[in-house]
Amino acid sequence: RKVSEPTAGRQPQARQDGTEELRVKMKLRCSSLDICAIAAETEAATRGMRCANVYDISPKTYVIKLSRPGEKALLLIESGVRVHLTRYARESGAAPSGMAMKLRK
């Protein structure tokens with residue numbers, strides 16, 4: 001397939017047969033629109049839940065344990081990269097970081 005002009009976010013790659021192939025670059029950071037969509041999605045699933053605890057997995061990754069009677073959820077937040085609900089409990093450090101301690105208060 002031949003392409004005359006690259007489109008936004010896509011870069012044409014030359015092939016051996018002389019044609020060009022479009023490749024879409026994978027998104028690496030969250031935009032404000034992504035955050036808005038994530039907030040709407042997680043708000044519906046976590047309505048009425050309270051923060052039970054905050055754990056730090058790495059310097060930029062936190063897990064917030066949410067609960068309501070009879071139900072629990074874990075919200076994983078990786079700064080600038082991803083935010084999602086999970087059921088997988090990750091190992092946290094032996095002692096919480098200063099940021100985790102502030103979020104717990």
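## Terms and model

A residue counts as buried when its relative accessible area is under 20%, as exposed when that area is over 50%, and as partly exposed in between. Arg 82, at 31% relative accessibility, is therefore partly exposed. The structure described here is a predicted model.

## The sheet

An open sheet is formed by 4 strands, which follow one another in the order S3-S4-S5-S6 with antiparallel pairing. The edges are taken by S3 (50–58) and S6; each has a single partner strand, so one side of each is left without a neighbour in the sheet. From one strand to the next, the twist averages 20°. In general, the strands of a sheet pair through backbone hydrogen bonds, in either a parallel or an antiparallel manner.

Helix H1, which covers residues 32–46, lies across S4, S5 and S6. Its direction is at about 20° to S6.

## Strands S4 and S5

Strand S4 (residues 61–68) pairs with S5 in the antiparallel sense, over 8 bridges. Within this pairing, Lys 65 stands opposite Leu 74 in S5, and the bridge partner of Tyr 62 in S5 is Ile 77. The hairpin of S4 and S5 has 2 residues between the strands, and in this hairpin Gly 70 takes a positive phi near 80°.

Lys 72 belongs to strand S5, which spans residues 71–78. With a relative accessible area of 64%, Lys 72 is exposed, because that value is over 50%. Residues up to four places away in sequence aside, Lys 72 touches Met 49, Lys 65, Leu 66 and Ser 67. The C-alpha atoms of Lys 72 and Ala 52 are separated by 9.3 Å, while the two residues are 20 residues apart along the chain.

## Strands S5 and S6

S5 also pairs with S6 in the antiparallel sense, here over 5 bridges. Ile 77 has Val 83 as its bridge partner in S6. The hairpin of these two strands, S5 and S6, has 3 residues between them, and Gly 80 in this hairpin takes a positive phi near 75°.

Is Thr 86 buried or exposed? Thr 86, which is found in strand S6 (residues 82–86), is buried, with a relative accessible area of 15%. Not counting residues up to four places away in sequence, Thr 86 touches Leu 74 and Leu 76. The side chain of Thr 86 also reaches the backbone nitrogen of Tyr 88, at 3.1 Å.

## The nonpolar core

In soluble globular proteins, nonpolar side chains tend to be buried together. Which residues make up the largest nonpolar core? This core has 8 residues in all: Met 49, Val 54, Tyr 62, Ile 64, Leu 66, Ala 73, Leu 75 and Ala 100. S4 and S5 each supply at least two residues of this core, and the largest share, 3 residues, comes from S4.

Leu 66, one of the core residues, has contacts with Met 49, Ala 73 and Leu 75, among others. Its contacts beyond four places in sequence also include Thr 46, Arg 50, Cys 51, Ala 52, Glu 71 and Lys 72.

## Salt bridges

Side chains of opposite charge can pair when their charged atoms come close. How many salt bridges does a search of the whole structure find? The search finds 3 salt bridges.

One of them joins Arg 47 to Glu 43, with the closest N and O atoms 2.8 Å apart. Arg 47 is exposed, having a relative accessible area of 55%, whereas Glu 43 is partly exposed at 37%. Another links Arg 68 with Glu 71, where the closest N and O atoms are 2.8 Å apart. In this pair, Arg 68 is partly exposed with a relative accessible area of 26%, and Glu 71 is partly exposed with 35%. A further salt bridge is the one in which the side chains of Arg 82 and Glu 78 meet, at 2.7 Å from N to O. Arg 82 is partly exposed at 31% relative accessibility, and Glu 78 counts as partly exposed at 23%.

Technical notes
Residues numbered from 1 in each chain as written. Predicted model: local features only at pLDDT ≥ 70, side-chain atom pairs only at ≥ 80, totals over all residues. Heavy atoms only, no water. Salt bridge = Lys/Arg side-chain N within 4 Å of Asp/Glu carboxyl O. Buried < 20%, exposed > 50% of the residue type's maximum accessible area, 1.4 Å probe, protein only. Contact = heavy atoms within 4.5 Å. Polar contact = N/O pair within 3.5 Å; in protein donor to acceptor, adjacent residues only side chain to side chain. Pairing = 2+ DSSP bridges. Axes fitted to C-alpha atoms, helices over the stretch in contact; angles between N-to-C directions. Core = buried A, V, L, I, M, F, W, Y, C linked by side-chain atoms within 4.5 Å.
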